[in-house]
Amino acid sequence: MLSIVIPAYNAERTISALLESIFSSPHSKTYEVIVSDDGSTDGTVQIAQRLGARVLVADRNHGSARARNRGVQAARLPLVVLLDSDVVLHPDTLGKLRQRFSELPPHSTLIGIYSSRPVVGGFSAHCKALLDYSHWAAVTSQQVSTFEPRCALLSQETFRRIGGFDENV
């Protein structure tokens, strides 16, 4: 159903929480989880492998755009979820993304926002979540001019049509 692509660079402090939130969500057995490691020098690769992700390893750090592109190119399923390695999902996040995406016109792209109730606590996490949530909750249009790949869903076909992420930025 979904290929989940996670670019990661030295993410050993955060990748476990994200992967555990993915693998504990409903229908997780139908997800393909790809960690596109971008030349990490810490334990990111080993943690991702131990937790059951398919891991692509780069020879050195090339940047998140290349890591995302490599992950999507390796994905086997028609729908791709992009997640940053420091995101933690609520149990129903992927189901809600899938449901909402099915209601949109072809070639749409869906971006997620931080929850007003972040999974991971702490003052900074709550401030960032509330700032992002209050901004996006006020948006009434279904069309926005930005794309935030920290939590996004699009089809492989749409990704190919737009040419992926610019690796020179």
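Helices of at least four residues and strands of at least two are DSSP runs, numbered from the N terminus. In this predicted model, the protein follows the pattern β-α-β-α-β-α-β-α-β-α-β-α along its sequence. The secondary structure comes to six helices and six strands.

The six strands form an open sheet. Their order is E3-E2-E1-E4-E6-E5, and the pairing is mixed. Strand E3 (54-57) and strand E5 (110-111) stand at the edges. Each has a single partner strand, so one side of each is left without a neighbour in the sheet. Strands of a sheet pair through backbone hydrogen bonds, either parallel or antiparallel. Strand E1 (residues 2-8) pairs with strand E2 (residues 31-37) in the parallel sense. Seven bridges join E1 and E2. Within this pairing, Val-5 has Ile-34 of E2 as its bridge partner.

Two helices were examined against the sheet. Helix H3 (residues 64-74) lies across E1, E2, E3 and strand E4 (79-83). H3 runs at about 145° to E2. Helix H4 (residues 93-102) also packs on the sheet. H4 touches E1, E2, E4, E5 and strand E6 (151-155). The direction of H4 makes about 40° with that of E6.

Values for the whole protein complete the description. Of the 169 residues, 45% are buried. Among contacts with a separation of 6 or more, 70% are accounted for by residues 24 or more positions apart. The accessible surface comes to about 9,400 Å². Carbon and sulfur atoms hold 53% of that surface.

Definitions and conventions: Residues numbered from 1 in each chain as written. Predicted model: local features only at pLDDT ≥ 70, side-chain atom pairs only at ≥ 80, totals over all residues. Heavy atoms only, no water. Buried < 20%, exposed > 50% of the residue type's maximum accessible area, 1.4 Å probe, protein only. Contact = heavy atoms within 4.5 Å. Areas by Shrake-Rupley, 256 points an atom, 1.4 Å probe, with all protein chains shown as cover. Pairing = 2+ DSSP bridges. Axes fitted to C-alpha atoms, helices over the stretch in contact; angles between N-to-C directions.
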